[in-house]
Amino acid sequence: MDEEKILTESTSEESAPAQESPEGAPGGKKKFSERLKKAGRWLGHSQLKAWLYLLPALVILAIFTVYPIINTVRISMLEDYSFLKEKGGTEFLVNFNNFTNVVHYRGFLTCMGNTMLLTVITVPVSTMLALLIAVGLNSIKWLKKVFQTIFFLPYVTNAIAIGMVFKAMFEIIGPVNSPSSVGIINTIVEAFGGSAVNWVNEGSSYWANMAVLIFFIVWNALPFKILVLLGGLQNVNKQYYDAAKVDGTSRFRIFWRITVPLLSPMIAYVVITGFIGGFKEYTSIIGIFDESLMGPPGSIGKPLNTMVGYIYGTINNNQGRASAAALILFAVIFVVTMINLYVSKKRVHY
Amino acid sequence: MEQLQSEIKESAPELPENAAPAPQGEGGEVDVEKASKKQKIKKTFVYIGLYAFLTIVAIVVLFPFYWMLISSVKTVAEYELRVPTFWPKTFKWDNFALAFTGNLHLGRLFLNTVIVGVVSTILSLIVTVLSAYAFARLEFKGKNILFAALLATMMIPGELFTVTNYVTVNEFNWVGSDFGEWLALILPFLVSVFYIYLLRQNFMQIPNELYLAAKVDGTSDIKYLWRVMIPLASPTLISITILKMMGAWNSYIWPNLVARDLAHRLVTVGLRGEAFYDEILQKTNMPAQMAAVVLVTIPLLIVFLCFRKYIVRGVSRSGIKG
């Protein structure tokens, strides 16, 4: 509707001045062919014009996107490269030591393990939960818009700011031995008959930290997944459901035999983007924990560090190693995405 | 979208209204009536369960926001009570003032963030529109190869660019100089290949006949772009604008690397710092910190509630935050 309106508007507007032009000889047909020729010449010019239109984007992309790809490979092969040392005139050895140093670094296994663990737990949990919520939302009418709006809210927040709120919720206030308050989450836990847990304070256990992180990441990941899955559900042909209803199929069976297969492209999409996001997990950790410790207060050796955390930990002093780590991250994400695509090719019904 | 939703609502297999007290059968047999009554009771239970589930999830989603809000107006003493209060006894509005007057300098951070957000949004819109137009409407050699090459760069994780761009901006001596730090904040991640792609797809949907007709009338490309393409693609452009602004508001990693001084510090970087450490109490003033978090979070929520449609459109296609 809108398109048509603008279409007619614009054509009438543009043609009005052309008709008034003095060139307008009485022979309307001749004029038209002349104009066509002119248009053709215009299109011929478009070679140069196109590059002119592309120029700003290409200049910026060349400096900050294309060159970095080449430069990353270059400096990843310069041992312990740093731009400060380069400015000081240091010559760097060309070898693959940055890569072996990253892999041999004792903390690297921790980073890799944490990243894998967070991804492998949060992606399935958030996908399942999002699927249930989306199916629920799709079968109600009353308050649907309200629920949809509420469930999307975590998306429009600042991961660091809300991470600080989560920390405040889980934190024990005051000294751990004689706290003035165990915090709101622990108060709720106690109300349900549990006992207070040291989630994020000094001396807290690895699994307590992980539980908080997983909760936060799932909370944060739900909106996007709900949005995509609900969008998919709304496009499902309702005839399948009508047929199932006539046959008296149970809800559970409808869910597994109709909804999940028909939604499988969307599910594959959120799982793949979830894996990619999971392997880049970093800001949710520094929202809750200290950036320099990557763990609860007083921890040594960055117990909660991730692969991206490793990259940013070395970026200030040793860009050679940071580049090598970034390339390794790229390779890992690439392989995982390929596996995901392979699996989904077998499982997804298009 | 809207239309589709309402269509689905109409066709939804079971609606709560249907679950309400059974209407008298239209002269049907008693058995059938009984069976349908049973079914309706079952349906009602299913709906109660469904709403209970959604309500619990909604509470879990909303609770951090609620806790942030009430913590932000508590006094330090009340915040540390053994049993946390669910509604503040006294409202300490001073916490909000402290965000502006204290070490955080929130006013300055807001100003910096708005400058970076507005400038980078305007520049990126211009650059994106021009290149998307070239890819959608103009003919030139190597168009498809160039476009495919640009799309291929989307596979590479941003961390890789962060590392070398950090080297690059330092080699340009941008870090440490006043104007340079603004450039470093705005330029490196200005052009998003994804937005070019999104807008190009949108432009391609506009019929080519329209372009040829305009050409026949002797309209220049710029005029055509301005008068026809941009109005038709405005929903996408609004989506890009909002997501870009949100990106500036939420960015942490890059600004934290290149611009840590107060004159260029952005909101999130300042928030994560130690601005609320109270020297006298020897601990962080949590209510004041929560007040600052509220001030950073609320503008985003307001923008979301006003431009919900555009944000949802952009997000569902990208999966990229900011």
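1. Asp221(B) and Lys49(A) form a salt bridge, with their closest N and O atoms 2.3 Å apart. The term covers a side-chain nitrogen of Lys or Arg within 4 Å of a carboxyl oxygen of Asp or Glu. Between chain A and chain B the count is two salt bridges.

2. Note the basis. This is a predicted model: local features need pLDDT of at least 70, side-chain atom pairs count only at pLDDT 80 or more, and totals for chains, interfaces and linings use all residues. Residues are numbered from 1 along each chain as its sequence is written, chains are lettered from A in the order in which they are written, and side-chain values use heavy atoms, with hydrogens and water left out.

3. The chain A and chain B interface buries about 10,600 Å² (accessible area lost on being put together, 1.4 Å probe, summed over both). Carbon and sulfur atoms carry 72% of that area. Chain A gives 116 residues to the contact and chain B gives 119 (heavy atoms within 4.5 Å).

4. Helix α7 (residues 159-170) of chain A meets helix α16 (residues 286-306) of chain B. Their axes come within 9 Å and cross at roughly 145 degrees (lines fitted to C-alpha atoms over the stretch in contact; angles run from 0 to 180 degrees between N-to-C directions). Helices are DSSP runs (H or I, at least four residues), numbered from the N terminus.

5. On α7(A), the contact uses Ala161(A), Met164(A), Val165(A) and Ala168(A). On α16(B), it uses Met286(B), Gln289(B), Met290(B), Val293(B) and Thr297(B).

Methods. Helix = DSSP H or I, 4+ residues; strand = E, 2+ residues; numbered from the N terminus. Buried area = accessible area lost by both parts, 1.4 Å probe.
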